[in-house]
Amino acid sequence: MSSRMFKFGVTAASACVGSVVAAWSIDRWNSPHVVNNAVATPPKRKRTLPLRAEQIKSLMSGEEFDVLIIGGGATGAGCALDAQTRGLKTALVELDDFASGTSSRSTKLIHGGVRYLQKAILGLDLEQYRMVKEALQERATMLESAPHLTHPLPIMLPVYTWWQVPYYWVGIKAYDLVAGDRNVKSSYLLSKNDALELFPMLKKDKLCGAIVYYDGQQDDARMCLAVALTAARHGATVCNHVEVKELLKKPDSKGKLVLCGAKVKDHISGKEFTVKAKCIINATGPFTDSIRKMDDPTVKSICCPSSGVHIVLPGYYSPDQMGLLDPSTSDGRVIFFLPWQRQTIAGTTDLPCEITHSPKPTEDEIQFILSEIKNYLNADVEVRRGDVLSAWSGIRPLVSDPNKDDTQSLARNHIVHVSQSNLITIAGGKWTTYRAMAEHTVDAAIKACNLKPERAEAVTSYLKIEGGQGWTPTMYIRLVQDFGLECEVAQHLAKSYGDRAFAVSKMASLTGKRWPIIGNRIHPEFPYIDAEIRYGVREYACSAVDMIARRLRLAFLNVQAASEALPVVVDIMGEELGWSKDEKERQIKHATEFLANEMGHAINRTSKERIPIKLSKEEIQTYVKRFQLIDKDKKGYVSINDIRRALKSFGDGDVSGEQLHEILKEIDTNMNGQVELDEYLQMMSAIKTGDVAYSRFARMAELEEAKHEAANLKTKISVDRSGGGL
């Protein structure tokens with residue numbers, strides 16, 4: 001039997017390697033053009049970043065742009081940087097905020113696609129092979145261009161059937177081979193014991209070993225923003241919260257109607273105006289068809305939206321620097337389980353959905369991810385619904401190619417399409433290939449619209465992204481030494497802003513403490529400081545949602561913490577932007593709705609409300625006693641004053657009103673400003689079943705009982721102290 005399986009393994013290995021070599025040989029004769037970095041001259045960038053008001057003024061100037069890009073996601077920002085650095089006068093407008101859609105809701109991986117390579121080899125699919133090869137080349141470029149926002153990440157593929165070890169090993173080695181000299185790091189094989197040492201949470205039963213390979217990881221929203229800011233520093237006009245209302249056309253020299261500009265509206269000032277442009281690029285992701293139909297109402301839709309949900313769990317679910325890949329879930333999908341920003345991110349799902357600006361995660365999708373995670377973690381790790389800190393849905397814009405007659409099949413790669421009126425549409429693709437997609441799009445725009453760039457070829461393959469020029473891995477030490485920042489805060493600033501972290505630090509306020517000297521945190525559990533909010537306004541943040549979701553990643557990391565930090569964020573933004581009291585209230589309301597609907601806050605609360613009370617008679621008696629100890633006035637409910645009184649008795653006299661309300665909100669499912677007995681019992685039942693991770697109110701009630709018992713003991717005289725009798 002073992003001899004047969006050995007032969008099977010050798011045959012599989014030979015077939016896989018042979019397929020890769022054959023594909024490589026064919027690909028050599030038809031490889032994409034590569035820019036000669038040695039002879040290209042990088043364009044100079046501006047020292048200062050223009051204010052948003054200056055960008056809007058440029059947009060309203062009436063001057064004609066060479067290129068107007070619609071969409072501020074990864075692809076749109078990439079197009080803006082590519083076009084501007086070639087010497088084309090470029091403008092970009094985005095309805096919401098940079099990376100507000102799919103570009104901030106990814107798995108955070110920079111990858112070529114292991115499963116795509118498997119399909120390419122087994123199916124001898126040359127097109128899919130080239131797609132993986134391009135992505136692996138771009139993976140290396142991203143890691144080089146933004147070293148502060150990206151880093152290599154080892155990902156473990158555990159194997160529970162021994163004959164699959166050689167099969168997966170050959171596949172992963174083929175992944176390394178296709179990357180060639182652009183490979184991140186070489187993959188390697190692990191024994192069972194070594195795998196458990198590196199990933200202690202892994203299920204031990206029947207584990208044969210594991211294979212570790214490398215991909216890249218990024219902060220996707222900040223990466224997109226950095227690309228847009230780099231374009232702005234090179235002279236591009238980039239404006240968020242500007243909506244395209246209408247596309248304008250005029251006859252060209254041959255009498256053909258071609259696009260010549262757009263009517264737009266600035267949602268911050270409310271002003272509407274016209275932007276002239278020789279060429280318009282549609283880079284709107286899931287909303288591709290809405291712009292295409294604005295150009296030509298008769299065109300067929302090409303976008304097939306798919307929802308991908310991710311959840312965030314506490315950091316203890318995974319090692320600091322080791323991800324996990326589930327290659328075959330119960331329904332055939334792939335799920336990643338990755339450390340990210342000291343938390344753990346898990347996903348994704350893949351279901352057809354409606355196109356919307358506000359995609360929402362569903363309870364079924366969250367439960368699916370949790371159930372798949374359980375299959376790979378050992379029994380000591382109890383996977384609880386209550387541990388879900390945040391959840392979000394991103395819409396992946398799968399497209400059919402309008403350049404082909406058969407538009408029923410979805411394109412595996414990105415497509416570039418030029419309409420009759422010269423609307424350049426770029427659609428499909430993925431985050432990793434954003435730069436190559438932009439290059440292909442601008443190439444098509446130059447040809448279709450007869451543009452005259454200073455540089456015929458793209459220069460973005462060797463351009464450093466905002467913050468990457470002066471960054472080093474130990475730069476954070478200078479921030480600690482020069483400014484007196486906490487080490488954790490300094491590391492965060494260096495990774496998020498690169499060499500711009502010094503500009504951020506200069507805006508930090510004094511703490512009034514011996515250490516740290518500067519840098520007041522906006523939430524005690526996260527290294528975000530007040531200066532980042534002030535600097536975020538200079539990075540074109542216009543709303544509280546812009547700040548907590550994309551300048552800071554707090555909404556994605558912990559929705560409850562984001563809610564708690566919201567008043568501080570709005571106050572500081574209000575100072576910077578001159579908001580009135582009414583505007584501050586509007587911003588808090590809008591951000592609260594965003595957290596509830598798009599970041600999973602509401603669904604987390606709903607999941608608690610659905611939990612039936614499953615407590616024993618003894619447990620109910622214990623909890624009723626604790627509840628009555630807090631409700632000293634025997635009102636039948638616990639008010640915020642009862643909570644304040646209890647906390648003071650524990651020595652927590654400095655608890656703010658906001659903190660008191662947060663404690664109350666955790667358990668007040670009836671939303672009537674008070675805690676009733678049934679709400680408390682439901683909370684304790686949820687904690688028991690794991691549907692809720694913890695509750696400050698529950699801990700307070702437990703301490704109240706302990707204090708009461710201690711007081712009772714003091715009133716009793718022991719037998720020993722009384723002399724043993726009368």
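Me: In which helix is aspartate 220 found?
Reply: This is a predicted model in which local features need pLDDT of at least 70 and side-chain atom pairs count only at pLDDT 80 or more, while totals for chains, interfaces and linings use all residues. Residues are numbered from 1 along each chain as its sequence is written, and side-chain values use heavy atoms, with hydrogens and water left out. Helices (H or I, at least four residues) and strands (E, at least two) are DSSP runs numbered from the N terminus. On that basis, aspartate 220 lies within residues 220–233, the run named helix H8.

Me: Is aspartate 220 buried or exposed?
Reply: Buried means under 20% relative accessible area, exposed over 50%, and partly exposed in between (1.4 Å probe, protein chains only). Because its relative accessibility is 0%, aspartate 220 counts as buried.

Me: With which side chain does the side chain of aspartate 220 make a polar contact?
Reply: Contact means heavy atoms within 4.5 Å. Not counting residues up to four places away in sequence, aspartate 220 touches Ser103, Ser104, Arg105, Ser106, Lys108, Trp431 and Arg553. A polar contact is a pair of N or O atoms within 3.5 Å; within protein, one must be able to donate a hydrogen and the other to accept it, and residues adjacent in sequence count only if both atoms are side-chain atoms. At 2.8 Å, the partner is the side chain of lysine 108.

Me: How many disulfides does the structure hold?
Reply: A disulfide is a pair of cysteine sulfur atoms within 2.5 Å. The sulfur of cysteine 304 is too far for a bond, because the closest cysteine sulfur, in cysteine 303, is 6.6 Å away. The number of disulfides in the structure is zero.

Me: How many of the 20 residues of H5 are buried?
Reply: Helix H5 covers residues 126–145 and reaches 29 Å from its first C-alpha to its last. That is close to the 28 Å expected at 1.5 Å a residue, the expected span being 1.5 Å times one less than the number of residues. H5 is mostly covered, and its count of buried residues is 14.

Me: What pLDDT does the protein chain average?
Reply: pLDDT is the predictor's confidence in each residue, from 0 to 100. It stays under 50 over residues 1–15, and over residues 17–39 the pLDDT is below 50 as well. Where pLDDT is low, the predicted coordinates should not be read in detail. In the protein chain, 87% of the residues score at least 70, and the average pLDDT is 86.
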